[in-house]
Amino acid sequence: MTRSAVSLSNAEVAGLESRLMGYGTSASYRLPVALVRGAGTVVYDVEDRRFLDLFGGAGRCLLGHGDPAFTAALRAQISELLVSRYCHPARGRYAERLVHLAPEGLDHISFFSTGSEAVDAAIRLACHRTRRKHVVVFDGAFHGRTSSVADLTDPRWLPGGAPSATTARRCRYPAEGDPADGCAGARDDVLMALRDGDVAAVMIEPIQATGGNRCLTPGFLRWLSAVCAEDGALLILDEVVTAFGRTGLLFAAAADQVRPDIIVLGKGMANGVPVGAVLTSSVLAAVPPLGSPGGMSSTFGGNPLAVVASESVLDALSTSDLMRRAALMGSRLRSGLAETIGSHPAVAGITGTGLMVGIPLRIRADAAERVFLSHGLLVGVSGRTLRINPPLVITPAEVDEAVATIGDALGALVSEVG
Ligand SMILES: Cc1ncc(COP(=O)(O)O)c(C=O)c1O
């Protein structure tokens, strides 16, 4: 008789997963920790060990684990209706609320199930609209892992025709704090890509997430917006991680006062329920593929549970001071870290804004996730950078606990890898 996974130990669950699952999932799945419950910023594993969740499922968990109002909204919706091919009051209501809060001109929303799906849709939209095929992207960018599947679908089901295969034009990402010529180099790269022609869109994360929680050099986004407008290429902001309060604002783009053509959303939008969305203008949305029935629909996109979850996140952000707190807790975290580990020889800097904090290391970080876990901390690791994206509900005491424990865990990591 097989025992249910929840009655297994951490090591048994990890053993089961490593025998039965491909590496295609995630290296974190191989670590011997099986989380089963949480409250706020704290989570527990099957053996009842406590962890401070400083990564929030890569930024998905905005309201924290087990938020009572969010849970109640989901429970009510599950018992009412999960599946409908028709209109739903929560979807219309949410769409109206979000476009009202979005940067000016973005008055149309389409729903998807993941960030990658929404990125795909944004690219398809840009290629159709401009009749061009290149996409300018930046070193260190992460926009998803799916390969484009529209090419494989019978063109009959793709109103407006099948998209032509896109080609990436890669440019340097001018991160804040890079030497001044880093920004000039990035500008040169973009101008050269636009000069080569056929650029449908320039897609950029206002703060690179997987790229290490690195902010863009101030002013670059506005410059990019201007050169895109001049060229006719669309500006797509990938705000899958940065939107919904993580940086202290509903949209990170608001800080630069730019008006992108498209914003891509996902992750924290529904606090862990799978979602993705594309915000654009009704002008762009009026033409195929968005403007044709079925041109861009997706089985689970905008399902009642996802929109109720998204609406519950918006309720929490608009009725509490969570966004302001994110900015404050982020500053407290960064200044605490600067004080305790800022001059550590293994630390190359403290980056990010709001509750997107990066700690680039001068040492290898492959063992970091495991070492930090053994200190009761969940962190993200990209290359040599530790990523901290906790739920927005993190308290000052938890920030202080995180700062102190990160110092200890870093010491342990340094002694392990030298
Ligand atoms: C900035 C960004 N865009 C897009 C994606 C893809 O989202 P998903 O994994 O939901 O497909 C991610 C995922 O981490 C991301 O960080």
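So, disulfides: the structure holds 0 of them, where a disulfide is a pair of cysteine sulfur atoms within 2.5 Å. Take cysteine 171, which is in no disulfide; its nearest cysteine sulfur belongs to cysteine 228, 10 Å away. Cysteine 171 is buried at 2% relative accessibility, while cysteine 87 is exposed, with a relative accessible area of 75%. Buried here is under 20% relative accessible area, exposed is over 50%, and partly exposed is in between, with a 1.4 Å probe and protein chains only.

Quick caveat: this is a predicted model, so local features need pLDDT of at least 70 and side-chain atom pairs pLDDT 80 or more, while totals for chains, interfaces and linings use all residues. Numbering runs from 1 along each chain as its sequence is written, and side-chain values use heavy atoms, leaving out hydrogens and water.

Okay, rings. Rings of Phe, Tyr and Trp (its six-membered ring) pair if their centres lie within 6.5 Å; planes under 30 degrees apart are stacked, over 60 edge-to-face, the rest tilted. That rule gives 5 aromatic pairs. Phenylalanine 138 is buried at 2% relative accessibility, and tyrosine 173 is buried at 5%. Phenylalanine 244 and phenylalanine 251 make a tilted pair, because their centres are 6.3 Å apart and their planes sit at 50°. Those two, phenylalanine 244 and phenylalanine 251, are both buried. There's also one aromatic cluster made of Phe138, Tyr173, Phe220 and Trp223.
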